Amino acid sequence: GLTDENTFLEINKLLGAKYIIVGSVSKIDNYIKVNMRLLDVETGSVAASVNMEGKLNKIFDIQRKLAEYIAKYFHKTLAKSDNETKSVTAEENYSKGVFDCWIVHDHQKAMGCFQRVADENPDSPEGYYGMGYEYLHLKDYTKALEQFNYALNLYKQKKDKYGTARTYLKIGEIHQINSNYSDALKYYHLSLKEDEIDTVYSRIAEIEKFMDNMDNAIKYQEKAVKIFKKLEYHFSYISGVYDLAKMYVNAGKRSKAIDILKDTEMVYVGKNQPILVQIVKLREDLENK
């Protein structure tokens, strides 16, 4: 009910806010349209409104124009100190890097944006983390490790537990790729000490299975599946169940494997989950043996 205007106007009155920005974003092919309204919380009236549209790859231009529109409404100066300007520019470059990396998959442009973040704000770990991610994508593991270590030190200085955890995870991934399994496990467990990132458990389970430590593999895979289910990561959950069932079989727990496959099949039957075909096939194979 929080998207109802009357509801969030009441909430913002309680919070002491004078204004709230509401609106919507619609996307058709490569074009987006943004409708934005500035509401006066006390009266509920629309203090200002603006519509903007453009190509998806110009989303940051639209974002900047919307911010300028609001700033001008309040007659605020856009002048900032050098440090504030660097911080805002670095944040924008990081956002552009993420957009290029994960949305349009232009890794060369993403690398350039992350490099600019590091150049403009060397105390920010995000630029180094982003470059580490890109070098990992390029399979240049030496440079990836170098950048992640830069990021790790800065996250630790800032006492950013989530940032530290996700960087430990990436360092662990590099060691796992290079078959340095003991080091990989060390960094994965360091990651869990900082924060609980959902994919860490399944990665630990994968290594434990490879090392024939099936009891440990099952323990960590069960935790991974539990988290995927809680977060409603449906594809990851079904994939995790499939891997867990195979671990049960390897450990001589066939009936347990069949039960978890049946339960998953019942929940997701008729839903658009292609991997469910593998779940059904594995269950049928196990029942026919």
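In which helix is the place of Gln 147? Gln 147 sits in helix H6, which covers residues 141-157. Keep in mind as we go that this is a predicted model.

Let us stay with Gln 147 for a moment. Its relative accessible area is 9%, and because buried means under 20%, Gln 147 counts as buried. Leaving aside residues up to four places away in sequence, Gln 147 touches Tyr 128, Met 131, Gly 132 and Tyr 135. These four names lead us to another helix, H5, where Tyr 128, Met 131, Gly 132 and Tyr 135 are themselves among the buried residues.

So what does H5 look like? Helix H5 runs over residues 125-137. At 1.5 Å a residue, its 13 residues should span 18 Å, and the C-alpha atoms at its ends are 19 Å apart, which agrees. H5 is mostly covered, with 10 of its 13 residues buried. Pro 125, Gly 127, Tyr 129, Gly 130, Glu 134 and Leu 136 are also included in that buried set.

Just after H5, Lys 139 adopts a positive phi of about 65 degrees.

Is Thr 264 buried or exposed? With a relative accessibility of 2%, Thr 264 counts as buried. Its contacts, again not counting residues up to four places away in sequence, are Tyr 237, Ile 238, Val 241 and Leu 276.

Terms used: Residues numbered from 1 in each chain as written. Predicted model: local features only at pLDDT ≥ 70, side-chain atom pairs only at ≥ 80, totals over all residues. Heavy atoms only, no water. Helix = DSSP H or I, 4+ residues; strand = E, 2+ residues; numbered from the N terminus. Expected span 1.5 Å × (residues − 1). Buried < 20%, exposed > 50% of the residue type's maximum accessible area, 1.4 Å probe, protein only. Contact = heavy atoms within 4.5 Å.
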